[in-house]
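Colleague: I would like to learn how to read the features of a model such as this one. Could we take them one at a time?

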Amino acid sequence: MKELLLALSVWASAATGLPMKPPPDVVFMDSESLNAIVFEDRAAPLGMQATAFYKDGRIVLPSDWRADDIASVSTLVHELVHWLQDGIERPGTCRGDSERQAYEAQFTFLRAAGLDPYATSNISPIHLFLLTACMEDRP
């Protein structure tokens, strides 16, 4: 896992232009607990399921995550982008901008593998729009 994490970290840094740093810790958690943390014990929006998250220097992946599954690996790429974003001052950006950059890297990774990113990640274009919208300024 250490070698994969390092290789994907270098790839994510190159794909986003974000500076490289030592790879984060990665831990595994059952999907129910992962969803409870991500959605703060509320119902998931639009019936979505959390597939991973990054917080406080640690990436949390579901216990059924597999290094031999490209969809699982693309989720790690997405979270690595959030890890690279952490601690970088990016004036004028919102959470949607951070998600957009992470999804762009994930989708680029999936396309490079010859896969349809929407079908592989189970995210529709409308979900992607909602996840990457900057709504902080709206009433």
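Colleague: What share of the residues in the protein is buried?

Modeller: This is a predicted model, so the values are computed from predicted coordinates. A residue is called buried when its relative accessible area is under 20%. In this protein, 40% of the 139 residues are buried.

Colleague: Next, the core. Which residues of the largest nonpolar core touch the most other members?

Modeller: A nonpolar core is a set of buried residues of nonpolar type, joined through side-chain atoms within 4.5 Å. The largest one here has 20 residues, and those touching the most other members are Leu8, Ile59, Leu61, Leu76, Leu80 and Val81. Two or more residues each come from helix 1 (2-16), strand 3 (58-62), helix 3 (70-85) and helix 4 (95-112). Helix 3 gives the largest share of this core, seven residues.

Colleague: Take Leu76 from that list. With which residues is Leu76 in contact, leaving aside neighbours within four places in sequence?

Modeller: Leu76 is in contact with Met1, Leu5, Leu8, Ile59, Leu61 and Trp65. Of these partners, Leu8, Ile59 and Leu61 are also listed among the core residues that touch the most other members.

Colleague: How do the axes of helix 1 and helix 3 cross, and at what angle?

Modeller: A helix pair is read from the distance between axes, the angle and the hand. The axes of helix 1 and helix 3 come within 9 Å and cross at roughly 65°, and the crossing is right-handed. Helix 1 makes the contact through Leu5, Leu8, Ser9, Trp11, Ala12, Ser13 and Thr16, and helix 3 through Val73, Leu76, Val77, Leu80, Val81, Trp83 and Leu84. These residues divide into 11 nonpolar, three polar and no charged.

Colleague: One more residue of helix 3, Gln85. Is Gln85 buried or exposed?

Modeller: The test is the cut-off given above. Gln85 has a relative accessible area of 7%, so Gln85 is buried.

Colleague: And with which residues is Gln85 in contact, leaving aside neighbours within four places in sequence?

Modeller: The partners of Gln85 are Leu18, Arg90, Ser98, Gln101 and Ala102.

Methods
Residues are numbered from 1 along each chain as its sequence is written. This is a predicted model: local features need pLDDT of at least 70, side-chain atom pairs count only at pLDDT 80 or more; totals for chains, interfaces and linings use all residues. Side-chain values use heavy atoms; hydrogens and water are left out. Buried means under 20% relative accessible area, exposed over 50%, partly exposed in between (1.4 Å probe, protein chains only). Helices (H or I, at least four residues) and strands (E, at least two) are DSSP runs, numbered from the N terminus. Contact means heavy atoms within 4.5 Å. Axes are lines fitted to C-alpha atoms, for helices over the stretch in contact, and angles run from 0 to 180 degrees between N-to-C directions. A crossing is left-handed if the near helix is turned anticlockwise from the far one by less than a right angle, and right-handed if clockwise. Ala, Val, Leu, Ile, Met, Phe, Trp, Tyr, Cys and Pro count as nonpolar, Asp, Glu, Lys and Arg as charged, and the others, Gly among them, as polar.
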